[in-house]
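The sequence and the structure come first, and the description follows.

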Amino acid sequence: MTDYNVTPDELKTLSMFQSDEAPSEVDTEHLAKLLSLALLVQREGGTEISDSGRTLLATNGVSHTTHVEGSGRI
């Protein structure tokens, strides 16, 4: 069963991908989960935040657990 709740720590990891430079250190479990929820996407140039990821951060911030089922998963 997939966990569709994104914790504040996972949201902080997601927010690291908003800058132009890729983060140097990322929790691999957070990265895998954010990719599986399509909040991050793999591109040829590296991992990028998706439109769904940007929307999630803009509407919910990083301070509380957020449920994302149906928010853009592939």
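## The largest pocket

The largest pocket holds about 190 Å³ of space. It is lined by 13 residues, and those closest to its centre are Phe17, Ser19, Asp20, Thr47 and Glu48. A pocket here is an open set of points on a 1 Å grid over the protein atoms alone, where a 1.4 Å probe fits, with protein on both sides within 12 Å along at least five of seven lines; lining residues have an atom within 4 Å of a point. The volume is the space filled by probe spheres set on the points, which are joined across faces, edges and corners.

This is a predicted model: local features need pLDDT of at least 70, side-chain atom pairs count only at pLDDT 80 or more, and totals for chains, interfaces and linings use all residues. Residues are numbered from 1 along each chain as its sequence is written, and side-chain values use heavy atoms, with hydrogens and water left out.

Strand E3 (residues 46-49) gives the largest share of the pocket lining, 4 residues. By type, the lining consists of 4 nonpolar, 5 polar and 4 charged residues. Asp, Glu, Lys and Arg count as charged; Ala, Val, Leu, Ile, Met, Phe, Trp, Tyr, Cys and Pro as nonpolar; the others, Gly among them, as polar.

## The chain as a whole

There are 3 helices and 4 strands in the chain. Their order from the N terminus is β-α-α-β-β-α-β. The radius of gyration is 11 Å, close to the 11 Å that the globule rule gives for 74 residues, so the chain is as compact as a globular protein of that length. The radius is taken over C-alpha atoms, and the rule is 2.2 Å times the number of residues to the power 0.38. Helices (H or I, at least four residues) and strands (E, at least two) are DSSP runs, numbered from the N terminus.

Along the principal axes, the C-alpha atoms fill a box of roughly 30 × 25 × 20 Å. Of the 74 residues, 28% count as buried. Buried means under 20% relative accessible area, exposed over 50%, and partly exposed in between (1.4 Å probe, protein chains only).

| Residue | Relative accessibility | Class |
|---|---|---|
| Pro8 | 22% | partly exposed |
| Leu11 | 0% | buried |
| Phe17 | 10% | buried |
| Ala38 | 7% | buried |

Pro8 lies in helix H1 (residues 8-15), and Leu11 is found in helix H1 too. Leaving aside neighbours up to four places away in sequence, Pro8 touches Val62, Ser63, His64 and Thr65. With its neighbours within four places set aside, Leu11 has contacts that include Val6, Leu56, Leu57 and Val62. Contact means heavy atoms within 4.5 Å. Leu11 and Thr65 are 54 residues apart along the chain, and their C-alpha atoms are separated by 8.3 Å.

Phe17 sits in the loop between H1 and H2. Beyond its neighbours within four places in sequence, Phe17 is in contact with Pro23, Val26, Leu31, Leu40, Thr47 and Ile49. From C-alpha to C-alpha, Phe17 and Thr47 are 7.9 Å apart in space and 30 residues apart in sequence.

Ala38 is placed in the loop between helix H2 (28-36) and strand E2 (40-43). Its phi is near 60 degrees, a positive value in a residue other than glycine. Most residues other than glycine have a negative phi.
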